[in-house]
Amino acid sequence: DSGRLPDCLVPPYSPAFGRAMAAPEPKDTRRQLQELNEQLVEGDKHIVAATQVAIRTEEQQIQTLGELHRQREVLAGITANRQQVDGDLRGANALVNVIGRRAWIKRQATRIMAVLLFVALAVAIYFAIIKQ
């Protein structure tokens, strides 16, 4: 038997393997098919569940991106408003400085008028006393 393989190397369903590993019984085949079917059904359930998770994740991503876009628009509006407020504050500061300068000039003018009025009053009193 030089052309014959040892029993441990012969495939299980080979006629050369002998009666010990004969073809499985139909009941065994049916059971194996049922087990395979159950495994396929379980695999399908896992695929469906994973698909649902992926869909929910994608929906969440879309919502998150929408929210981020809205927040970006709000921030852009805030930035524009801040720039407007900064400009208004600079204008108001310049106006306050102008008003402050005008008030200082008016105070100085009032002091000069008071001094001139006092001098005129002193001169009037002086001439009123000298004329007598």
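What separates Lys-45 and Glu-42 in helix H1? Lys-45 and Glu-42 are three residues apart in helix H1, so about one helical turn separates them. Helices here are DSSP runs of H or I with at least four residues, strands are runs of E with at least two, and both are numbered from the N terminus.

The model is predicted: local features need pLDDT of at least 70, side-chain atom pairs count only at pLDDT 80 or more, and totals for chains, interfaces and linings use all residues. Residues are numbered from 1 along each chain as its sequence is written, and side-chain values use heavy atoms, with hydrogens and water left out.

Salt bridges were examined across the structure. A salt bridge is a side-chain nitrogen of Lys or Arg within 4 Å of a carboxyl oxygen of Asp or Glu. The structure holds four of them. One of these joins Lys-45 to Glu-42, with the closest N and O atoms 3.8 Å apart. Lys-45 is exposed, at 51% relative accessibility.

Another salt bridge links the side chains of Glu-35 and Arg-31, at 3.0 Å from N to O. Helix H1 spans residues 26-130, and the two residues lie four apart in it. About one helical turn therefore separates Glu-35 from Arg-31. Both ends of this bridge are partly exposed. Glu-35 has a relative accessible area of 37%. Arg-31 stands at 40% relative accessibility.

Glu-67 and Arg-70 also meet through their side chains, in a salt bridge of 2.7 Å from N to O. They sit three residues apart in helix H1, which means that about one helical turn lies between them. Glu-67 is partly exposed, with a relative accessible area of 33%. Arg-70 is partly exposed too, at 42% relative accessibility.

Aromatic rings were searched in turn. Rings of Phe, Tyr and Trp (its six-membered ring) pair if their centres lie within 6.5 Å; planes under 30 degrees apart count as stacked, over 60 as edge-to-face and the rest as tilted. The search of the whole structure finds one aromatic pair. Tyr-126 and Phe-127 form this pair, and its geometry is edge-to-face. Phe-127 is partly exposed, at 45% relative accessibility.

Note on methods: Buried < 20%, exposed > 50% of the residue type's maximum accessible area, 1.4 Å probe, protein only.
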